[in-house]
Amino acid sequence: MGLCSCCCRCLELLCSVLLPPLGVCLRHGCFSLEFWISVVLTILGYLPGVLYAVYVICSVDPHRHRDPDDDDYVYVA
């Protein structure tokens, strides 16, 4: 984990404490399941939203649903 990655993670955690869906949105995107769960939990209560956002940012891989045959990747031989 490089310095930039560490700074981005710290920024995401700071945003998730101030506004939980924002931190999750920065990490996983606005149309992800994690984001919408964070929105619902934050509406139901601030603390559950913060706890879920910190958990998602620290432990859930944002690229786990990506297809390895996706055209987004460029392979150089």
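In what order do the elements of the protein run from the N terminus on? The order is α-α-α-α. The protein has four helices and zero strands. Helices (H or I, at least four residues) and strands (E, at least two) are DSSP runs, numbered from the N terminus.

The model is predicted: local features need pLDDT of at least 70, side-chain atom pairs count only at pLDDT 80 or more, and totals for chains, interfaces and linings use all residues. Residues are numbered from 1 along each chain as its sequence is written, and side-chain values use heavy atoms, with hydrogens and water left out.

The protein exposes about 5,500 Å². Carbon and sulfur atoms supply 71% of that area. Accessible areas come from the Shrake-Rupley method with a 1.4 Å probe; for residues, only the protein chains shown count as cover. Of the 77 residues in the protein, 29% are buried. Buried means under 20% relative accessible area, exposed over 50%, and partly exposed in between (1.4 Å probe, protein chains only). Contacts were also computed (heavy atoms within 4.5 Å). Among contacts with a separation of 6 or more, 45% join residues 24 or more positions apart.

Which residues make up the largest nonpolar core? Eight residues do: Val 24, Cys 25, Phe 35, Val 39, Tyr 52, Ala 53, Val 56 and Val 60. Helix H2 (20-28), helix H3 (33-44) and helix H4 (46-59) each supply at least two residues of this core. The largest share, three residues, comes from H4. A nonpolar core is a set of buried Ala, Val, Leu, Ile, Met, Phe, Trp, Tyr and Cys residues joined through side-chain atoms within 4.5 Å. One of the core residues is Tyr 52. Not counting residues up to four places away in sequence, Tyr 52 touches Glu 34, Ile 37, Ser 38 and Leu 41.

Phe 35 is another residue of the core. Phe 35 counts as buried, at 12% relative accessibility. Trp 36 counts as partly exposed, at 45%. A pair of aromatic rings is described by the distance of the centres and the angle of the planes. Rings of Phe, Tyr and Trp (its six-membered ring) pair if their centres lie within 6.5 Å; planes under 30 degrees apart count as stacked, over 60 as edge-to-face and the rest as tilted. By this rule the count comes to one aromatic pair. The rings of Phe 35 and Trp 36 have their centres 4.9 Å apart and their planes at 75 degrees, so the pair is edge-to-face.

Helix H2 comes next. Pro 20, Pro 21, Gly 23, Val 24, Cys 25 and His 28 are buried in H2. His 28 has a relative accessible area of 15%. Leaving aside neighbours within four places in sequence, His 28 is in contact with Glu 34, Val 56, Val 60, Asp 61 and Pro 62. Two of these contacts, Val 56 and Val 60, belong to the nonpolar core. Gly 29 follows H2, and its phi is positive, near 100 degrees.

How many salt bridges does the structure hold? There is one. A salt bridge is a side-chain nitrogen of Lys or Arg within 4 Å of a carboxyl oxygen of Asp or Glu. Here Arg 27 pairs with Glu 12, and the closest N and O atoms are 3.9 Å apart. Arg 27 lies in helix H2 and Glu 12 in helix H1, so the pair ties together parts that are 15 residues apart in sequence. Arg 27 is partly exposed, at 24% relative accessibility. Glu 12 is buried, with a relative accessible area of 9%.

The surface carries a nonpolar patch of about 580 Å². Leu 11, Leu 14, Leu 18, Leu 19, Leu 22 and Leu 26 make this patch. Patches are made of residues with over 30% relative accessible area and no salt bridge: like charges are joined within 9 Å, nonpolar side chains (Val, Leu, Ile, Met, Phe, Trp, Tyr) within 5 Å. Helix H1 (3-18) and H2 each supply at least two residues of the patch. H1 gives the most, with three residues.

Leu 18 is found in helix H1. Leu 18 counts as exposed, at 62% relative accessibility. Tyr 46 lies in helix H4 and is partly exposed, at 45%. Tyr 46 and Leu 18 are 28 residues apart in sequence and 9.7 Å apart in space, C-alpha to C-alpha. Leaving aside neighbours within four places in sequence, Tyr 46 is in contact with Val 17, Leu 18 and Pro 20.
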